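Hi,

Here is the structure I promised to pass on. Please open it next to this email, and my notes follow below.

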Amino acid sequence: MSRESQGRADDAASGVRAHAGPANRLAREASPYLRQHAHNPVDWWPWGEAAFAEARRRDLPIFLSIGYSTCYWCHVMERESFESESIGRMLNDAFVCVKVDREERPDVDDVYMAAVQAFTGRGGWPMSVFLEPAGLRPFWAGTYLPPEDRPDLGAPGILRVTSALSAAWREQREEVLEQAANLAEAATERIVESFEPVRPTVEHVRRAVVDLLRLHDRRWGGFGPAPKFPQPVFVELLLAVRSAVDESTRSAIDAACRGTLDSMAMGGIFDQVGGGFHRYSVDERWTVPHFEKMLYDNAQLSLVYALAWNTYRDPFYRRTSLRTLEYVQRELTDDAGSLWSAQDAEVGAREGRNYLWTPEGVRAALSPELARVALEVYGLNNGPNFQDPHHPGEPATNVLRWADRPEALAERLGVSIDSLEAAVKEINSALLEARNKREQPSTDDKVIAAWNSMMVHVMTCAGVLFDRPDLIGHASRAFESLWNRLVSKDGTLMRTWRDGQTGAPGVLEDYAWVARAALSLARQERNQTRRDELVRRARLMLDATGRLFGQARSEIVFDSPADRADLFVRPRSAYDGAMPSGISVLIHAWLDSAEVGGQPEAAERAIALLASISGAIDRSPTATANSTLALWRCLQHQDAVLRARVSNLPQSRARALNDSQDEEMPVEVLASVDRVEVAIGNPASFELRLVVKPDFHINAAVPLAGGGLGAGTPLVGLRVGVINGTGVRVYADYPEGEPAGERGELRVHRGTLDLTVAIEREAEWSGQPVLTLTYQACTETECLRPTTVELDIAIDRA
């Protein structure tokens, strides 16, 4: 049986579990995640006009559930709630239930994740959002909902939430719609990021380096505390600037890069037996991972290890990069060369079960001599290091990790490094053979344009760096498969493909990455005809980005096309997440086009785009690290004209984080600190003083007595918040306010107001969180538009 046939012998191989119930509409979908829910008693609809029309016809709100096929807590919520007949009946009666695969529709995911973060101060999957059907605006948003309240997780029960929201829809419709308007506005502020341009300079790159070296965990590697995400673009940026800094800074960069790369390659986040990286580490030492494997993580990490090998000539980095690429070729590649998207974290409802070992299991798979080496190399002699937190009654086991660097272990064992490496290779081969006999994690076998193209770019770069033409051949084959499956004759790019079906049209990151992949292949292609064709395909993608994602008479680029009528706001982000931002990839692609295609206008496009997000780079050059890397490329470019163009971009004064000195601003905001440091279990606090100008007042946190939402024009209450990232929660003890209004029904503040604000660390940190204050100022006759100011207070992770 071929690898592709094995990968899709039945739905179970793609993560679709069999259930006894009748099929619902999701059975006709291509997405493995949607098909996982095809036999739930919940009457699921796929995202689209048919579902929206049904909700409007029945005059019911929409329950929107967003997740992905390899998400552990998505599986938990399905088992607990969506497979329940009683919960299914309740959901079907009170809502039109809609499922979205976030990997198929990242724009839908981004918009409603902004609502979740605005509503709760945190984010994650599965996402559970309730929408009014007319405009698809959210009026309640959360994540994992167990059947009953789980105070230990801070999770309300789905039965309580849905009962209350259904009653509110029937009995308090006006208030629900006002809340939808307010929450949609808050989400819009998060998802549409706009900054006044500044002149990007080497100072922005210097700031990024300083910030990264400050964030570096000098003991265990990485950038920040647990849970630890790889963040390869940080290492890539540091490696890029390394040759241009002074000796002491170079030493600090080397310590940060090598410490991080060593810890990850030695740790359990790297699958020591089969190769490839898991999603992230739950502990500071990189030992216990969250076990899902994503194509985009393995692409970025295999590249950064190849770049590190090129810098340090450390064979450990070369092996790590190549083993990651070998894993992708072995387990994530179909017969046509296309690349699958992910492998699940759980097997048999147990997270990581396939990857865990005991000393007895290792001895059973190996000869006595190899078992002795394996127990020493992988640290099993030191006792177990993994206890399933969801099933504490089960015995402790081991995630395999190197006990030390290979050179140190070879010396400890009294063997040469070559002998140790040969033994470890034989150990891994035997353990992989034994592991393959176990129940395997499911594979999401859909082909995603951006993720495939990222790996094509990486394989091509690695092939050049390692002098491995076979890798370039794999990359070329994957690119041709992608092009044939996802690009139509008129040049339209689709986002996903599976089993002959394409999904939604591509978003900005898809077009940008396909262009980069084509140009990477063209850069090393010796056949001129083939090279010209690759350049043509890249320009087809690049030219389409302005038409599909641009804004007339400006350089602004959005993440989704203008014709997406199913979004209440069009997302635009400059900040990197688990993947680099779409606009940052586009800037690199235009720079590639200038270098490979020899077209001066391509460099102009890159510079114009860089200028359009220069304010975001100025705000946080680390949160925009891939754009900062593009800036560095421009500043170091061999073309002196291009360097001069960047250096002479118009200088505009960036809007102050708090324009309290503006005469037009009715409120002055003063803070007691200019930075705070937060750690898990160690919250911080600071004081805010609001000075409201005469003839104005501002709404209290609860603008109406009794907490109602009010009627007519929505009143927006005083609120502190966080934008541009996750990882912190902020709250305040808001005073009630003084009575106002004809009947004393309003609550407002006049004059001077002092607030104590608390900020605490949460589990998952992403982006660069920025503190905000939202208020609505009013006179006796009218209310101004709500204002959100960004506080000039830096947030440091302890």
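Is helix H6 largely enclosed by the rest of the structure or largely open to the outside, and why? Helix H6 is largely enclosed, because 11 of its 15 residues are buried, where buried means under 20% relative accessible area, exposed over 50% and partly exposed in between, with a 1.4 Å probe and protein chains only.

Before going on, a word on the ground rules. This is a predicted model, in which local features need pLDDT of at least 70 and side-chain atom pairs count only at pLDDT 80 or more, while totals for chains, interfaces and linings use all residues. Residues are numbered from 1 along each chain as its sequence is written, and side-chain values use heavy atoms, with hydrogens and water left out. Helices (H or I, at least four residues) and strands (E, at least two) are DSSP runs numbered from the N terminus.

Back to H6, which covers residues 106-120. Its buried residues include Pro106, Val111, Tyr112, Met113 and Val116. From first C-alpha to last, H6 reaches 20 Å, close to the 21 Å expected at 1.5 Å a residue; the expected span is 1.5 Å times one less than the number of residues. After H6 comes Gly121, with a positive phi near 80°.

Next, the sheets. Two strands pair if DSSP finds at least two bridges between them. Five strands make an open sheet with mixed pairing, ordered E1-E3-E2-E4-E5. Its edge strands are E1 (45-46) and E5 (138-142), each pairing on one side only. E1 runs parallel to E3 (residues 96-101), joined by 2 bridges, and Trp45 stands opposite Val98 in E3. Helix H3 (residues 49-58) lies across E1, E2 (62-67) and E3, at about 160° to E3; axes are lines fitted to C-alpha atoms, for helices over the stretch in contact, and angles run from 0 to 180 degrees between N-to-C directions.

A second open sheet has 3 strands in the order E8-E9-E14, paired antiparallel. E8 (293-294) and E14 (443-444) are at its edges with a single partner strand each, so one side of each has no neighbour in the sheet. Between E9 (residues 342-343) and E14 there are 2 bridges, and Gln343 has Thr443 as its bridge partner.

Strand E21 (residues 697-704) is mostly covered, with 7 of its 8 residues buried. E21 pairs antiparallel with E26 (residues 777-778) over 2 bridges, where Ile698 stands opposite Ala777. Antiparallel pairing also joins E21 to E24 (residues 746-749), through 3 bridges, and there Leu704 stands opposite Leu746.

Now for packing. Leaving out residues up to four places away in sequence, Phe479 is in contact (heavy atoms within 4.5 Å) with residues including Val514, Leu521 and Arg537.

The axes of helices H21 (residues 528-549) and H22 (residues 582-597) come within 11 Å and cross at roughly 145°. Among the H21 residues that meet H22 are Arg531, Val535 and Leu542.

Lastly, Glu83 sits in the loop between H4 (72-82) and H5 (85-94). Glu83 counts as partly exposed, at 29% relative accessibility. Glu83 and His39 are 44 residues apart in sequence and 8.4 Å apart in space, C-alpha to C-alpha.

Best wishes
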